[in-house]
Amino acid sequence: MRIGLPASETLQGGFLKAFVLTVLFSVFMFQLLRTVGLRAFSMASETYMSGTHSAAFVTCPNDTVARDLARGIVEKKLAACVNIVPAIKSIYEWQGKIEEDSEVLLMIKTRSSKVSALAEYVRSNHPYEVAEVISLPIEQGNPPYLKWIGEVVPE
């Protein structure tokens, strides 16, 4: 029987296991911790984390459809704001022919996490066979405005 400190091989083996586990944990948790940290910093300093919000675009055949969609999108908290841009001209290929139409454009400001639900709402309520719903992440902007979007549109 041996009394006293463990052999140095046991200490080194335990240290090595702890080190490997720490490294593995750090690698797997890095992205989560980074995201949480950036969001916390963003909230505390009123700065903005790039890509948290998106601007989405939808074309409509007329002002009536545009207003109905815009109102429904805002009422359902899928966006904080929808701008209706009248009188755009769209030239596109459809079913093998070049088409030219007057349309109305919706510019929609929302959370990036809401884009899928927004697209589903538009598909379900839009008269076009294939409705345009595209979005771009907002990289920068006026922090108070972006904060307002986050307050109006729940996660």
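A residue is termed exposed when its relative accessible area is over 50%, and buried when that area is under 20%. These terms are applied below to a predicted model.

The protein contains four helices and four strands. Read from the N terminus, the elements follow the order α-β-α-β-β-α-β-α. The chain has 155 residues, and 28% of them are buried. Among contacts with a separation of 6 or more, 72% join residues 24 or more positions apart. The accessible surface of the protein is about 10800 Å². Carbon and sulfur atoms account for 61% of that surface.

The interior was examined next. In soluble globular proteins, nonpolar side chains tend to be buried together. In this model, the largest nonpolar core has 17 residues. Cys60, Ile73, Val82, Leu106, Ile108 and Leu118 have the most contacts inside this core. Strand E1 (53-60), helix H2 (63-75), strand E3 (97-111) and helix H3 each give two or more residues to the core. H2 provides the largest share, with five residues. A second core is separate and has six residues. Ala55, Ala80, Ile138 and Leu146 are among them.

Beyond residues up to four places away in sequence, Ile73 touches Leu78, Ala79, Val82, Ile108, Leu118, Tyr121 and Val122. Val74 lies in helix H2. Val74 has a relative accessibility of 34% and counts as partly exposed, because that value falls between the 20% and 50% limits. With residues up to four places away set aside, the contacts of Val74 are Ala79, Ala80 and Val82.

In H3 (115-125), the buried residues are Val115, Leu118, Ala119, Tyr121 and Val122. Viewed down the axis of H3, these buried residues fall within an arc of 160°, so they line one face of the helix. They pack against E1, H2, E3 and E4. The face of H3 turned away from this buried side carries the exposed residues Ser116, Arg123 and Ser124.

Helix H4 spans residues 143-152. Its buried residues are Leu146, Ile149 and Gly150. Down the axis of H4, the buried residues fall within an arc of 95°, so they too line one face of the helix. The cover over these residues includes E1 and E3.

Thr110 is a buried position in strand E3. The assignment of Thr110 to E3 comes from the strand limits, and its relative accessibility is 0%. Thr110 therefore counts as buried, as that value is under 20%. Leaving out residues up to four places away in sequence, Thr110 touches His53, Ser54, Leu78, Ala79, Val115, Leu118, Ile149 and Val153. Val115 and Leu118 are among the buried residues of H3, and Ile149 is one of the buried residues of H4. Two C-alpha distances place Thr110 relative to other parts of the chain. Thr110 and Val152 are 42 residues apart in sequence, with 9.0 Å between their C-alpha atoms. Val74 and Thr110 are 36 residues apart in sequence, with a C-alpha to C-alpha distance of 9.6 Å.

Backbone angles were also considered. Most residues other than glycine have a negative phi. Lys77 is not a glycine, yet its phi is positive, at about 60°. Lys77 sits in the loop between H2 and strand E2 (81-94). With 41% relative accessibility, Lys77 is partly exposed. Gln95 likewise has a positive phi, near 50°. Gln95 lies in the loop between E2 and E3. Its relative accessible area is 63%, so Gln95 is exposed.

The surface also carries a nonpolar patch. Tyr92, Trp94 and Val130 make this patch, which covers about 270 Å². Val130 is located in the loop between helix H3 and strand E4 (134-137). Val130 has a relative accessible area of 55% and is therefore exposed.

Conventions: Residues numbered from 1 in each chain as written. Predicted model: local features only at pLDDT ≥ 70, side-chain atom pairs only at ≥ 80, totals over all residues. Heavy atoms only, no water. Buried < 20%, exposed > 50% of the residue type's maximum accessible area, 1.4 Å probe, protein only. Contact = heavy atoms within 4.5 Å. Areas by Shrake-Rupley, 256 points an atom, 1.4 Å probe, with all protein chains shown as cover. Patch = residues over 30% accessible without salt bridge, like charges linked within 9 Å, V, L, I, M, F, W, Y side chains within 5 Å. Salt bridge = Lys/Arg side-chain N within 4 Å of Asp/Glu carboxyl O. Core = buried A, V, L, I, M, F, W, Y, C linked by side-chain atoms within 4.5 Å. Arc of directions from axis to C-beta.
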